[in-house]
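Subject: Structure handover

Hello,

Here is the structure I promised to pass on. Please open it first, then read my notes below.

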Amino acid sequence: MNILKTYKIYIGGQFPRTESGRTYVVKNSSGDPIANVCQSSKKDIRNAVQAARKAFGTWSERSAFNRGQILYRMAEMLDGRKAQFIEELMQQGSSADAAAQEIERSIDRIVYYAGWCDKYQQLLSAVNPVNSSHFNFSVSESTGVVGIVADEASSLIGIISQLMPVIAGGNTAVLIASESLPLCSISFAEVLETSDLPAGVVNILTGSADEMLPTLAEHMDVNALFLSNASKEMVKSTQLAAVDNLKRVLVLNEDWTDESAQGIRFISCFQEIKTTWHPIEQIGGATSTY
Amino acid sequence: MTAQNTPYSTIPTSPTIDKVGVEERVARFQTRSIKGPAKMQGLSMVLSMIDLTTLEGKDTPNKVRQMCYKAQHLHDVQEGLPTVAAVCVYPSMVAVAREALKDSSIKIASVSTAFPSGQAPFEVKKMDTQFAIESGADEIDMVISRGKFFAGEHNFVFDEIAAVKEICGSKRLKVILETGELASLDQVRRASDIAIHAGADFIKTSTGKIQPAATMQVTYTMLMAIRDHFDRTGKMVGMKPAGGISTSKLALHNLVMVKEILGDAWLSNEWFRFGASSLANDVLMQYMKQVTGKYQSVDYFTID
């Protein structure tokens with residue numbers, strides 16, 4: 001007998017059902033049901049943001065090296081579960097070749113960002129020349145809680161591509177999965193759960209972005225939003241809702257399957273630059289003092 | 001005086017507590033869903049019942065001044081919010097709080113009798129209380145001698161409370177039972193009866209230094225002691241759960257419980273208080289969520 005899996009959501013390192021108790025049925029291209037998925041609600045957003053905020057302190061303060069280790073671990077865990085992801089991608093309409101290619105690229109991309117974890121700081125930071133007796137330097141700091149709306153057209157590579165630069169940079173995330181292609185998002189949460197990632201660093205909800213995004217966008221405890229290939233209307237309403245606490249809203253129209261759709265530029269979008277003026281003694285000295 | 005004719009011997013014996021029954025009753029209070037205008041009213045009431053508390057070894061005069069400012073200006077962005085009922089500090093900080101609060105209607109509560117352990121000579125405890133009152137305290141939060149209580153010297157506990165009440169005079173006395181150390185609900189009930197009969201104006205669950213603190217089971221047991229006393233004598237005694245109540249939801253559930261056990265007469269800060277240090281901000285955030293429709297961030301509220 002074929003049993004349809006009920007995909008639950010991922011909040012604070014747990015897999016609860018949605019607070020609302022609602023589900024929806026995901027169908028394949030020929031109209032056959034393939035899974036039951038949670039139709040998450042505003043209160044799930046609330047709970048997820050709370051979990052992400054709680055996790056932010058410890059995650060952003062972890063050593064960069066340790067964050068990198070955890071991302072590598074994620075890649076290993078995903079590699080061990082390739083077959084499941086290929087099956088899910090094919091259920092959702094991918095060809096066998098495309099599915100195999102997507103999972104390989106996803107693993108590569110995680111490894112790529114794992115490598116960046118303890119390196120981007122050097123590139124984003126600087127010692128600045130100033131015309132006074134100060135040692136002046138700029139360093140990058142994580143932005144905070146980032147709300148991500150996954151690319152609607154991508155089940156796996158899109159999520160990886162949006163999520164990895166955010167958490168590699170020490171942020172925590174609340175991700176709304178693709179409504180029509182949600183299967184891999186929750187299976188990926190199962191990968192995260194076995195990767196030593198602290199609870200709450202990544203929270204994944206399934207359901208309608210139209211329903212949940214306004215709550216996320218106006219939430220005062222969310223610091224930035226990341227949309228991908230979103231409609232004009234969604235972008236506009238999100239930007240308006242984000243005004244109150246001056247959230248950064250990043251909207252990108254990338255093809256995440258492309259090999260070049262990765263880089264430090266995605267990490268730097270969710271970093272704040274802090275500049276410090278440190279007084280030094282040598283007044284009027286001619287030589288460099290640091 | 002023999003044990004037969006002391007004031008202590010006049011305390012009626014209470015029936016033993018049915019722990020399972022208490023748990024079931026308490027669970028039912030927690031299923032109530034309070035929404036809309038009722039929630040707003042409840043949250044506002046919770047704010048007005050808070051004893052904003054700082055009881056740490058590292059308390060400084062400026063920490064106390066800052067807390068007194070917060071007590072008067074909970075969230076100035078929003079009009080129509082009440083102030084808290086009182087601030088609660090150590091005796092050495094009462095004078096600082098008095099100066100900071102000036103003629104505000106916010107009361108100053110001082111812990112005393114060698115808070116939190118209560119392990120000091122009787123004379124020292126009396127001086128402690130005297131000092132707090134002379135420094136300007138409006139209310140005294142004393143701890144009972146749990147050591148004596150467990151040694152079976154209930155008589156001593158009773159006399160000590162009565163003596164402190166005598167020093168307090170018209171100032172209101174809250175008696176802290178430290179229920180986290182009392183081990184069973186029967187002991188909580190016995191300690192409540194002793195405190196009430198010895199002259200407590202309020203009975204209070206905990207110091208906040210011991211876990212568990214103000215569980216709903218314990219608060220329920222103490223509320224029942226208050227009700228039985230009221231039914232018998234017609235005299236009201238106040239209740240103050242303290243420690244561990246840090247969310248709006250739990251505070252609202254406590255109010256539901258007070259209303260159903262004691263009735264509307266107790267739903268004011270004259271007769272019911274919350275001892276808390278971090279509850280106020282959670283209530284304010286819930287309140288502002290109701291006003292704006294947006295989930296709030298602690299970044300936009302003053303530090304408590």
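Is B:A85 buried or exposed? B:A85 is buried, because 25 other C-beta atoms lie within 10 Å and 20 or more are enough to count as buried. Keep in mind that this is a predicted model.

**B:A85 in its loop**

B:A85 sits in the loop that links α3 (61-72) and β2 (86-89) of chain B. Leaving out residues up to four places away in sequence, B:A85 touches B:S48, B:M49, B:I50, B:D51, B:K107, B:N269 and B:R273. The C-alpha atoms of B:P7 and B:A85 are separated by 33 Å, and the two residues are 78 apart along the chain.

**Helix α5 of chain B**

Next, look at helix α5 of chain B, residues 122-134. Its 13 residues should span 18 Å at 1.5 Å a residue. The C-alpha atoms at its ends are 19 Å apart, so the length agrees with expectation.

Four names to find here are B:K125, B:D128, B:T129 and B:A132, which are buried in α5(B). They cover an arc of only 90° around the axis, so they lie on the same side of α5(B). What do the buried residues of α5(B) pack against? Their partners are α4 (94-101), β3 (107-112), β4 (139-143) and α7 (154-168) of chain B. The face turned away from the buried side carries the exposed residues B:E123, B:V124 and B:E134. Just after α5(B) comes B:G136, with a positive phi of about 115°.

**A helix pair in chain A**

Now turn to chain A. Helix α4 (residues 96-116) and helix α6 (residues 157-168) have axes that come within 10 Å and cross at roughly 5°. An angle under 35 degrees counts as roughly parallel, so α4(A) is roughly parallel to α6(A). From α4(A), the contact uses A:E102, A:R105, A:S106, A:R109, A:I110, A:Y113 and A:W116. From α6(A), it uses A:I157, A:I160, A:S161, A:M164, A:P165 and A:A168. By type, the residues of this contact are eight nonpolar, two polar and three charged.

**Where the chains meet**

How many residues of chain A are in contact with chain B? Eight are, and they meet five residues of chain B. On the side of chain A that touches chain B, two residues are nonpolar, two are polar and four are charged.

Best wishes

Note on methods
Residues numbered from 1 in each chain as written. Chains lettered and ligands numbered in written order. Predicted model: local features only at pLDDT ≥ 70, side-chain atom pairs only at ≥ 80, totals over all residues. Axes fitted to C-alpha atoms, helices over the stretch in contact; angles between N-to-C directions. Helix = DSSP H or I, 4+ residues; strand = E, 2+ residues; numbered from the N terminus. Parallel < 35°, antiparallel > 145°, perpendicular 65-115°, else oblique. Contact = placed C-beta atoms within 7 Å. Nonpolar A, V, L, I, M, F, W, Y, C, P; charged D, E, K, R; others polar. Expected span 1.5 Å × (residues − 1). Buried ≥ 20, exposed ≤ 12 C-beta atoms within 10 Å, placed from the backbone. Arc of directions from axis to C-beta.
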